[in-house]
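Subject: Structure handover

Hello,

My notes on it come after.

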Amino acid sequence: MGGFVLSSAFDSKSGQLILVTLLIMVASFYTGTLFGNKSAIYVQQTPLESSPASFNQCLILAGYSKITNKVALTFRRTPLSIPETGMNVCPLNYNEYIPCHDISYIKGLLPNLDISKKEELERHCPPIDKRLFCLVPPPEDYKLPIRWPTSRDYVWRSNVNHTHLADVKGGQNWVHEKDKLWWFPGGGTHFKHGATEYIQRLGNMMTNQTGDLLSAGVVQVLDVGCGVASFSAYLLPMDIQTMSFAPKDGHENQIQFALERGIGAMISALSTKQLPFPTNSFEMVHCSRCRVDWHANDGILLKEVDRVLRPNGYFVYSAPPAYRKDKDYPMIWDKLMNLTSAMCWKLIARQVQTAIWIKTEDRSCQLQNAEQKLLNICDAVDDSQPSWKIPLRNCIKLSSAKAQSQKLPLRPQRLSVYSESLNNIGINRDKFTLHTIFWQEQVNWYWRLMNIDKMEIRNVMDMNAYYGGFAVALNTLQVWVMNIVPISTNNTLSAIYDRGLIGAFHNWCEPFSTYPRTYDLLHAHHLFSHYKHSGENCLLEDIMLEMDRIIRPQAIPRLRVTNLTATQSSIALPSPKGERFLGFIIIRDEESIISRIKVIAPQFLWDVESHVLENEEHKSEPVIICRKKFWAIV
């Protein structure tokens, strides 16, 4: 296999990497029930001579040995090839690389972006030849994440080593520094004394002081500008599923904090394009000081909220225009009232610092307002088309009698709901039921094959989710699942939301909008075969590279370290104690694809186990369980 042309630090004159003295240290985790009885090591970096394009460094497989992969800033080339030494590793300063939200790339696009609409915060994926083609390294002193549910309140500081939010939002109890940890007291800009009281207040406001969010019918929430996602974290005890999102903006790394805590979140922005969610998906859209100008541009962003809200869904708005009488807040409030009235929303409560509207399905009101030129009614559109890179529409969809009559149960009953949208693509109730049973059986097999404590896994992504059967099979566990429906498949995401689950549309020829090392388990069921004819810019290796970027590394054995001197290295012996199990990638696909992945997985520093399970047609199907090794730049 041909290799890339490497920079001067690795040319023939240099020969091979300079041998360095290694200092291997144990990163001692707290023991006991609080953080679990697991541990990991980190490797201290030794300064070395470097060139502008690369670093003359060693890679160490934590707890084991030196590896042959080289550190070099490498870009994707056509035709694609992987060096004989294995995939190159990006330099350490790329440890938070997010290809489609890369500030250095977006900076060059600014002259052509509408800054007034915050277009720079949207996805902007570089062309293939400007995309990095190297493994994203962990930061210095990276530790395996703390287990859920403790991680709701504490994460390792070294894993998200950014202080800005603590400095500017500490007074609102977003996050505080506590020794080697970040502590999340559960506060927010409009609930600095804790989310629990705030959530109860919202339920009271929706039900005229008679109930809570569940009795108001709320099962799925979209949290706009979510911060560190404490609102979502405190909805989980009510079994309310929340899709939290925020842009990669001045509130640095807020989504990274959320995902490190084990809370469902992704990078996204309300700007010029529709959100990657289906129409009629959420019973509630929440904005707590979310930094969105809802009143601007004829309320086009409110119309996007109208699109994703279910009939009789709620828009919760906690922000200064809802309660302050100074500055231009009264003017903004008046605009909001005019816009929401034109859309036939009804203001049902305005208390303390919060206003709540309900999206009424008043067809006659909509038609009347349209006739008076107060509102534009959207032309008929095919809701089966995925919401992916579609420009925002300055109109709302006319209410239908069918939408008014449809009422979904609460969870867990909603997990069994068969959506009529499936019937439109040839999936009848019997096939839906068999699919659900099949995935319950398969998940049981997965646990046996992985042979781990189920409490080890928290953040899960199903990269080709079909109807959500895999996520439903995990429902009894303390995990959350990001269900991804590729945009080139049938739109089953509406059916997934009808089951009370969360997810998004995506095109796997592009990187996902998340930080590195944010998922414990990736599930890819016939994902690669779906993309096998997508051309030279979307190869199997490209998808594997993205998997490697977003999966967390596996654990290493607990180590005993003998006294090290300046001339000794790698005197680290495994102790008899166990591991922390993360970094699983489960792949089921055609035999030829599985064979190809098994060949190149070691070059990505993955371990591979091969298995055979039955598919839905009761035929044997190859399954591999890959593990991303825990390595570090030295």
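The notes below cover a helix pair, a sheet, an aromatic pair and some backbone details.

This is a predicted model, in which local features need pLDDT of at least 70 and side-chain atom pairs count only at pLDDT 80 or more, while totals for chains, interfaces and linings use all residues. Residues are numbered from 1 along each chain as its sequence is written, and side-chain values use heavy atoms, with hydrogens and water left out.

Helices and strands are DSSP runs numbered from the N terminus (helices H or I, at least four residues; strands E, at least two).

Helix pair. Helix α15 (residues 540-550) packs against helix α16 (residues 591-600) at an angle of about 60°, and their axes are 11 Å apart. Axes are lines fitted to C-alpha atoms, for helices over the stretch in contact, and angles run from 0 to 180 degrees between N-to-C directions. α15 and α16 are therefore oblique to each other (under 35 degrees is roughly parallel, over 145 roughly antiparallel, 65 to 115 roughly perpendicular, the rest oblique). On the α15 side, Leu540, Glu541 and Met544 meet Ile593, Arg596, Ile597 and Ile600 of α16 (contact means heavy atoms within 4.5 Å). The residues of this contact comprise 5 nonpolar, no polar and 2 charged (Ala, Val, Leu, Ile, Met, Phe, Trp, Tyr, Cys and Pro count as nonpolar; Asp, Glu, Lys and Arg as charged; the others, Gly among them, as polar).

Sheet. Three strands form an open sheet in the order β5-β7-β6, with antiparallel pairing (two strands pair if DSSP finds at least two bridges between them). β5 (154-156) and β6 (176-178) are the edge strands, each pairing on one side only. Between β5 and strand β7 (residues 181-183) there are 3 bridges, and Trp156 stands opposite Leu181 in β7.

Aromatic pair. There are 23 aromatic pairs in the structure (rings of Phe, Tyr and Trp, the last by its six-membered ring, with centres within 6.5 Å; planes under 30 degrees apart are stacked, over 60 edge-to-face, the rest tilted). The ring centres of Phe282 and Tyr497 are 5.2 Å apart and the planes stand at 75°, so the pair is edge-to-face. Phe282 lies in strand β11 (residues 282-288) and Tyr497 in helix α13 (residues 493-498), 215 residues apart.

Backbone. Most residues other than glycine have a negative phi, and most peptide bonds are trans. A cis peptide bond joins Thr78 and Pro79, with omega about 0°; another joins Arg411 and Pro412, with omega about 5°. Arg289 has a positive phi, near 50°, and sits in the loop between β11 and α6 (300-308).

Regards
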